[in-house]
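Here are my notes for you on this one. Have a look at the picture before reading on.

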Amino acid sequence: MRRRNASTAALLATVLFLLPLGVQGGAQARDLADLMKDRFPVAQGEATPDDSDQTVLARFYRGRGLKPLWVEHGEANAAARTVLTVLGHADEDGLNPNDYAPASLTAQQAHLDSPEAQAAFETNLTLGLVHYASDVSVGRIIPTLADPELVIDRPPFDRAQFLGGVASATDLGALLTGLAPHRPEYAALKAALAHYRQMKAAGGWPTIPPAPKAPPAPPPPADPANPTAPAPKPEKTSDALKPGMIDPRVPALRARLVATGEAKPLPVPLPKGTNPELYDDALATAVKEFQRRQGQEPDGAIGKRTLVELNATVDQRINQIIVNMERWRWEREPADQPYLVVNLADYTLSLMRGMDVQLTMRVVVGAPFTRTPVFIGNMSYMELNPYWYVPTKIAKEEILPKQKKDHSYVVKNHYTLLSDWTSNAVPVDPSSINWATVTERNFHWRVRQDAGNDNSLGRIKFMFPNKFDIYLHDTPSKRLFERAVRSFSHGCIRVQDPPNLALAILALTDTPGWPEEKLRAEIGGDSLKHQTIRLKNRLPVHITYITTVTDPDGGIDFRTDVYGRDARVLAALNGPRPRKPVVPAAVPAAAPTPGSAPNAAPNTVPAASGDAPKAAETPKPSVQGARTGATPAPVKAPAPAATPVPANANPAR
């Protein structure tokens, strides 16, 4: 009976909360106190994070004796005006003020001539403020609902605690302006958002047309001495605009870079003999600076990739800034303790203590078709001279064809064939197998690459157990670190300088017993002994995806959205409010152990496959379909691209 009464009360409360005040109050005139009682009936049960907004507001107002917060003597008070000002400027944080109804609230403020109007204003302003406070503090969207590859939870936001702070605040303006993240990256994005909006108001920047199509060149003549030989193919020509060229596109290129500050305009009037269509050294320097700011090779050549970034519109850059402000709202404020951050979009790793960078280096991350997911883990151990247990998919699709072509391939590349996947598996002599009869369907052996300098995992790997089997590791192939774009792996993350990273982690986690000489001897000499180093203190690992980065002068640079994730976040920001509770029932401090990550959509994020064999790195993977850093504003979020889901990278630790 008690449960039935509680359900009835909850239903009645919801109805009263939504109905117009005239319907609730009937024909009889009622005062504000009576109307507040109707709007906020006594909430049943204990408060929980899953409480609806109506229940949270009911508990708050009942706790203060139904006394209004924003209406005094029939008028909006100074606190209400402060809140309306803050809500009206929500766009400065990349949020939509219409989500919090400041225009309608301002209109209501001017007509508080009845208890009904006062009660509606009081309720709507509080509700709009709660939504704004949550959005600007911890994010407007739920990451996993926007993109299943964002396997993270927002920090908690306690609506009841916030309202209590509002009611007792001595400086409400300071309280509200302090809700946004207190990070220099967020402040830089907020300043950049205002700057790019100013550029938009001034007309943005011009686009650069593609190279004019030249008529096809005639084929080279056949060799008269050998008329039956095929004619040589014509040499390929490049449409790239390069320094020293005279081209009608140069004035537009210069104007584009003047708009964003990389180049200076030509003097007026032009000095005698100046050709405005000459791609001169000064403009080449400006192009190189632009390329550096986009994370590209600063070679000065305007190829397809650079042209795409140059022609990103000011609206696209504004959207990219807004998306990354939202991402920073999902991050917890860093404590004064060590943690590791990998920014997949920037291909960098940073070892941090609080806001101080202890070490940074380049990384190679998952290719667009084997994307590395976003999540948080805890590094607990390192492995020296690791084995690499080759995932079944790679063994069948990459190693098997090479072995069938060259029956010594497995031995030459230091692989061992194991009889099966059990702990009792024994080595099998590859020469005892008739490889002509082996297919992907009947290939049943487990493949292990032995420890050594040729091992695809190098001499050390860094483990933070997670359901994706993602880890950091060394690599024998260092050449990819020289490239600007470094999305080539099967999902795991290769690090540029593993020894120094290991030494820094050992120091920051207070792990004893591994002085520098000992560590370098174990991973740099002839020793192939497999060893595990257990860290004394776990190291949080944040795998992030930020397509705007802060440059040394406090501005921001853009990165190519190689995984196409910006569009999904933007679509969610432009969509309806998420239906899940504002406060998650449980917010883990880090990614859970394998098999229990929250909100993970099955078969949507590729499990890491470790790294491909060394020989597989030579061809440059295609990035066809990868989005640029200039994010469009789609009406509907695109569906995630179909992605292969390789087998678990390392089933046996």
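This is a predicted model: local features need pLDDT of at least 70, side-chain atom pairs count only at pLDDT 80 or more; totals for chains, interfaces and linings use all residues.

1. Residues are numbered from 1 along each chain as its sequence is written, and side-chain values use heavy atoms, with hydrogens and water left out.

2. Find helix α15 (residues 314-330) and helix α20 (residues 566-573): their axes come within 9 Å and cross at roughly 85°. That makes α15 roughly perpendicular to α20 (the term covers 65 to 115 degrees). Axes here are lines fitted to C-alpha atoms, for helices over the stretch in contact.

3. Which residues of α15 and α20 meet? From α15 they include Ile-322, Val-323 and Trp-330, and α20 brings Asp-566, Val-569, Leu-570 and Leu-573. By class, the contact of α15 with α20 has 6 nonpolar, 2 polar and 3 charged residues.

4. Now try Asp-247, in the loop between α11 (184-201) and α12 (250-259). Is Asp-247 buried or exposed? Its relative accessible area is 8%, so Asp-247 is buried (under 20%). Leaving aside residues up to four places away in sequence, Asp-247 touches Leu-241 and Glu-277 (contact means heavy atoms within 4.5 Å).

5. Pro-515 sits in the loop between α18 (498-508) and α19 (516-524). Pro-515 counts as partly exposed because its relative accessibility is 43% (between the 20% and 50% limits).

Methods: Helices (H or I, at least four residues) and strands (E, at least two) are DSSP runs, numbered from the N terminus. Buried means under 20% relative accessible area, exposed over 50%, partly exposed in between (1.4 Å probe, protein chains only). Axes are lines fitted to C-alpha atoms, for helices over the stretch in contact, and angles run from 0 to 180 degrees between N-to-C directions. Angles under 35 degrees count as roughly parallel, over 145 as roughly antiparallel, 65 to 115 as roughly perpendicular and the rest as oblique. Ala, Val, Leu, Ile, Met, Phe, Trp, Tyr, Cys and Pro count as nonpolar, Asp, Glu, Lys and Arg as charged, and the others, Gly among them, as polar.
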